[in-house]
Amino acid sequence: MSKAVSGQKVLIVDFGSQVTQLIARRVREQSVYCEIISFQNFNKLKSIENTKGVILSGGPSSTSEAKSPRIKNYELLKNIPILAICYGHQLIAKKFGGKVKFTNKKEFGRAEIYEKSNSLLTKGFFKSKKNTVWMSHSDQVIKMGNGFSVVAATKNAKYAITQNIKQKIYTVQFHPEVVHTNQGKIIFKNFIFNVCKCQKNWTDESKLEKIIFEIKKTVGKKKVLCALSGGVDSSVLAHILKKALSNRVYCVYIDTGLMRKNESKEIVSIYRKKFKKNFIYLNEGRLFLKNLHKVSDPEKKRKIIGKTFIKVFEKFSKQSKGIDFLAQGTLYPDIIESQSFSGSPSSKIKSHHNVGGLPKKMNFKLIEPFREMFKDEVRKLGKKMNIESTILDRHPFPGPGLAIRILGSISDHKIKILQNADDIFIRELKKKGLYKDIWQAFAALLPVKSVGVMGDGRTYDFVCALRAVTSTDGMTADFYNFNYKDISDISNKIVNEVSGINRVVYDVTSKPPGTIEWE
C-alpha cells in the first residue's frame, strides 16, 4: 500500500465550484497527495488525521443566503493551515467577524491585483508589485475578519488576499487554480511547502500502486468487465486491470456502428494480440442505430447510448458467470459536466454516456479509477506502464461516437459521409505534422444543407464543421489557429472527395463559452 494513501495529505472542501478538481490538480502537480470532500461530508467528520492543510473551494452560492453552504465543525480545523478561495474567502471573513455583501461592482474575468504587504503565500507571485488574476464573484468582503491583514487588492476588491499569520489562514478572492491566473501555481506551491510543510509523496508510481491496491481490495476474487473503446483512458485502464487481476478481466469492445472510419479493424487488430482470449469483440451497430432511429435531442442520444451499452454488457456477463464489476475509463471532465463530483451543488452541463447517461439500475458495480483525473495524467500512467505511443497519443473520442457529431437525426448515409470527412481531416493533420500540436480534432455534420456549384451544376448538400482545439485537460480549450493554406487545403479536399458535402466551416469558439463537442 502506498505511503500516500495512509500518510500526509491536503484536504479540499468542495462548495460546488466547477473547477474544484483543478485545485486538486494543482496540489498533485506538486507531488503531494490530496483528496476532495463535499462540505456536507466534511461536516460529518469527527477527525481529519494526517491532514497537513485544508483548502476551501469556491462555489456558486452567496454567504448571505440562509441555506448557503457552511462548515459546522470548525474545531477540526484548529491548528491546521487553511487556504480559502473565492466563496471560501468570504466564508472565512464572516466566520471571524468580517462582513460580506453583494456589490454592483462585480468582477468576472481577468483583473490586475496589487501587492500591499509581504506574505509566505505570495512569495515570488508578484512582479513589480502586481499580477493578473482570474476573478468570478458578485459578493465581496468589505470588512476583514478579526486577526487578518490585507496582502493584496484590486480596484474593486479591497481585500483580494488576506492573511491571519498566527492561525496560518490565507484567503484569496480570485481563482489561482485556473490557467488564466498568472503564476497561480505559485500560490499552491507556497501554501503546500512554506505553510503546510508537506513532503513530495505523490508520484506516478504511488498513483499506480494506489489504483492497483484499491482494485484488488474492491474486486476480491470476482471478475471484471472492462469497457474498452480503444481510446487512451480505457486502454490504460485495461492494462492496469490486467496487471492487478490477471485473467479475471474481460476487455469488451462494442462496435456501435458510430466509430470512425476503419477504427474497429484497428482496435481488434491491436487488442486481440494484447489480450488474446480476454478480448471480446461485439458488433452491435444495428442495435444502436435502431435505438437511435429518429432521435435528434443530444441528451436523449446520450442516455439511449448509455443504456444500450449496459444492456449489451449485461447480456455478455450472463454468458460469463462471476462478472460483478464494470470498469470504465471515466475522467473528471466527464463527471463535472454530468454531475457534481463530490455531491456539492455544481451545475450540470450535459450527460456523458458513461456518467449521466447510465441507467439508474444496473447489474454491475462500477469501477472508475480515473474519475478524479485528467487525460494528460492518465497518459502519464500509460507511459509509466510502457504502453505504445500509437495508443497514448490518440486524440480523445467520445463514447457516443459519431452520434453526437452528427447533429440531429442519424442515418447510415450520414454516418458514411461524416466518416469520410473526418478521415480526410485527421489524415491531413498527420500528413502536415499538425496532429500532435492539437489536443482534439474532428469533423461534425450539421443538420443543414446549402447551395453550391460543382462542375457548372447546382448542388444542395450538407455543411461540414471542422473543430480543432488546444488544451491541457479538457476543462478549458481554445481553437487551433491554422495557417490559411493548411485549412484551405483540408477544406478543398473534403469538398472534392466526399460526396454529400459542398461546404466546410471552421469552429473558432473557445471553451468556455462553448464545449469541445457540439452535442
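**Exercise 1. Aromatic pairs**

Find how many aromatic pairs there are, and work out how the rings of Phe125 and Phe126 are arranged.

Solution. The model is a predicted one, and the count of aromatic pairs in it comes to 15. Turning to accessibility, Phe125 counts as buried because its relative accessibility is 1%, and Phe126 counts as buried at 11%.

A second pair, Tyr271 and Phe275, is stacked, with 5.9 Å from centre to centre and 15° between the planes. These two residues belong to helix 8 (residues 263-275) and, because they are four residues apart there, about one helical turn separates them. Both Tyr271 and Phe275 are buried. Elsewhere, ring pairs join Phe425, Tyr480, Phe482 and Tyr506 in a cluster.

**Exercise 2. Charges over rings**

Determine which ring lies under the charged end of Lys430, and which ring has Lys449 over its face.

Solution. For Lys430, the ring is that of Tyr435, and the charged end sits over it at 4.9 Å from the ring centre. For Lys449, the ring is that of Phe462, with a distance of 4.9 Å to the ring centre.

**Exercise 3. Salt bridges across the sequence**

Solution. Lys9 is buried, with a relative accessible area of 17%, whereas Glu35 is partly exposed at 26% relative accessibility.

Consider next the salt bridge between Glu517 and Arg405, whose closest N and O atoms are 2.7 Å apart. Glu517 is in the segment after strand 18 (501-506), while Arg405 is in the loop between helix 13 (389-392) and helix 14 (412-431), so this bridge ties together parts that are 112 residues apart in sequence. Glu517 is buried at 8% relative accessibility, and Arg405 is buried with a relative accessible area of 1%.

Arg467 and Asp507 form another salt bridge, in which the closest N and O atoms are 3.3 Å apart. Here strand 16 (residues 457-470) holds Arg467, and Asp507 lies in the segment after strand 18, so the parts tied together are 40 residues apart in sequence. Arg467 counts as buried at 1% relative accessibility, and Asp507 is buried with a relative accessible area of 10%. Finally, salt bridges that share partners connect Arg25, Arg26, Glu29, Lys185, Asp376 and Glu377 in one network.

**Exercise 4. A loop residue and its partners**

Locate Glu368, and decide whether Glu368 is buried or exposed.

Solution. Glu368 sits in the loop between strand 14 (365-367) and helix 12 (375-384). Its relative accessibility is 13%, so Glu368 counts as buried. The side chain of Glu368 makes a polar contact of 2.9 Å with the side chain of Gln328, and a polar contact of 2.8 Å joins the side chains of Glu368 and Thr330.

Notes
Residues numbered from 1 in each chain as written. Predicted model: local features only at pLDDT ≥ 70, side-chain atom pairs only at ≥ 80, totals over all residues. Heavy atoms only, no water. Buried < 20%, exposed > 50% of the residue type's maximum accessible area, 1.4 Å probe, protein only. Polar contact = N/O pair within 3.5 Å; in protein donor to acceptor, adjacent residues only side chain to side chain. Phe/Tyr/Trp six-rings, centres within 6.5 Å; stacked < 30°, edge-to-face > 60°. Lys NZ or Arg CZ within 6 Å of the ring centre and 35° of its normal. Salt bridge = Lys/Arg side-chain N within 4 Å of Asp/Glu carboxyl O.
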